[in-house]
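Dear colleague,

Please find below the structure that I am handing over to you. My notes on it follow directly after.

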Amino acid sequence: MQLRRALIAATATALVLSMQTTPASAEELKIQSFASKEFTYSTIDEELLTASKLFRFSSGLTFEYPDAVRGIYVTGHSAGGDRFSNLVELVYSTDLNAMVIDVKDDFGNLTYIPTEESDLAQYDIGKPFVKDMRSVLETMEEKQIYPIARVVVFKDTELAERKPEWSFQDGSTVWKNRRGEAFVNPFVKEVWEYNVQIAIEAAELGFKEIQFDYVRFPEGFENRSETLKYSQGDYADASLDGVQKRVSAVTDFVAYAREQLEPYDVDVSVDIFGYSATLPEAPGIGQNFSKISSNVDVISSMIYPSHWTSYFGIAKPDLEPYRLVQEYAKVENATLKKLGDKAPTSRPWLQDFTASYLGAGNYKVYGKQEVEDQIRALNEAGITEYLLWNAGNSYTKNVDYTP
């Protein structure tokens, strides 16, 4: 814990200098208050930090990065319940090799109860979905299943209701979308710090990658940005329009999170709307595909065919999974190529569920063929990594995951 406090409280430059001076006291290593923090990135000497073993954390678990990550999504309920053994068997007995496990879920809850010594215990957001997360990771180590921690960032009803001043307010109440979900404010750096604390503990538990989801403003925010009450924090006086302020806040969070996680020897990935790669930037939600991609190790576009309207000249994308993924991959490849050495690994989310909610004639039942078609389209475009999404974790049987 003292190592964590030191790393968050000081920049890497200060840490290196401390090697030549008298060791800091415990009092000096305490985290500064949120209000006094300044977040900058220019002082980091990345080569020096990467080379320094003194500041590399080890969880005690060993995982090898697979030849190419091929993974599935796992809820906290599944990871902590009877279904977990079946999911382990699915991955272990096929060409799958990774799991993305909820650590902070879509409601803002931790999926496990942290220990009393944990920095997270003070927030009282733990739920007993996973009784022993370390045991889950040890099982994964035994089977060499690559562990990825999913941390939902700005969609967080739990935190929004506890700290309304960190959210968006409609009059005197916390604003919620049509599904009853609240978001916290990406302009508020205390929210950044809160989520990074959670990510750091996931790394300490043994996860090898932190996947941030909902790294954005609420959908349609451009239509309510002038009516909701919220702070713009340090961005209030920036000489930027509303769109660029939102893009800056989202991008800066990703850069800050990656900087803070550097000593924990984990990769950082971000989930992003698929259509973001087809636009200069998504104006309402603040996602700029290229800027986010430049600050992560892995970019995971959610390209479920069911989630697209008529696009790429495809009237009903859910009916044509191969073609949809094929056309998307062309756009993404061209965009990432422009980033050169800064381009991350592409690892899209694929659809392993039936979108019957689209209505008759607009969807098809997804099974072995449809899942394989999406994988094949990626492979033909030179993209070898992917993740499969099924909200209930009921995955199609007998799929060839390397067609």
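R347 is buried, with a relative accessibility of 0%, where buried means under 20% relative accessible area, exposed over 50%, and partly exposed in between (1.4 Å probe, protein chains only). E209 is likewise buried, at 0% relative accessible area. The side chains of E209 and R347 form a salt bridge, at 2.7 Å from N to O; a salt bridge is a side-chain nitrogen of Lys or Arg within 4 Å of a carboxyl oxygen of Asp or Glu. Because E209 lies in strand β6 (residues 209-213) and R347 in the loop between β9 (345-346) and β10, this pair ties together parts that are 138 residues apart in sequence. Helices (H or I, at least four residues) and strands (E, at least two) are DSSP runs, numbered from the N terminus.

R347 also forms a salt bridge with E385, with the closest N and O atoms 2.8 Å apart. E385 lies in the loop between α12 and β11, so its pairing with R347, in the loop between β9 and β10, ties together parts 38 residues apart in sequence. Both R347 and E385 are buried. Elsewhere, salt bridges that share partners join D102, D106, R150, K155, R179, E181, D213, R216 and E219 into one network. In total, the structure holds 24 salt bridges.

Before I continue, a word on the basis of these values. The model is predicted, so local features need pLDDT of at least 70 and side-chain atom pairs count only at pLDDT 80 or more, while totals for chains, interfaces and linings use all residues. Residues are numbered from 1 along each chain as its sequence is written, and side-chain values use heavy atoms, with hydrogens and water left out.

A further salt bridge joins the side chains of R134 and E138, at 3.6 Å from N to O. These two residues are four apart in helix α6 (residues 133-143) and are therefore separated by about one helical turn. An α-helix has 3.6 residues a turn, so residues three or four places apart point the same way. R134 is partly exposed, with a relative accessible area of 25%, and E138 is partly exposed at 39%.

Helix α12 (residues 368-380) comprises 13 residues and reaches 18 Å from its first C-alpha to its last, close to the 18 Å expected at 1.5 Å a residue; the expected span is 1.5 Å times one less than the number of residues. Its buried residues are E370, V371, E372, D373, Q374, I375, A377 and L378. They pack against α11 (321-337), β10 (349-351) and β11 (386-389), contact meaning heavy atoms within 4.5 Å. Just after α12, G382 takes a positive phi of about 85°.

Most residues other than glycine have a negative phi. D124 lies in the loop between β2 (98-104) and α6 and is exposed, at 59% relative accessibility. N393, by contrast, is buried at 3% and lies in the segment after β11.

T402 is also found in the segment after β11 and is partly exposed, at 36% relative accessibility. The C-alpha atoms of T402 and L96 are separated by 8.8 Å, although the two residues are 306 apart along the chain. Leaving aside residues up to four places away in sequence, T402 touches R70 and D95.

V174 lies in strand β5 (residues 173-174). V174 and P164 are ten residues apart in sequence and 6.1 Å apart in space, C-alpha to C-alpha. With residues up to four places away in sequence not counted, V174 touches A160, P164, S167, F168, Q169 and A182.

Lastly, the second largest pocket has a volume of about 570 Å³. Of the 22 residues lining this pocket, K155, Y214, Y304, H307 and W389 are the closest to its centre. On a 1 Å grid over the protein atoms alone, a pocket is an open set of points where a 1.4 Å probe fits, with protein on both sides within 12 Å along at least five of seven lines, and lining residues have an atom within 4 Å of a point. Grid points are joined across faces, edges and corners, and the volume is the space filled by probe spheres set on them. Strand β7 (residues 267-273) gives the most to the lining, with three residues.

Yours sincerely
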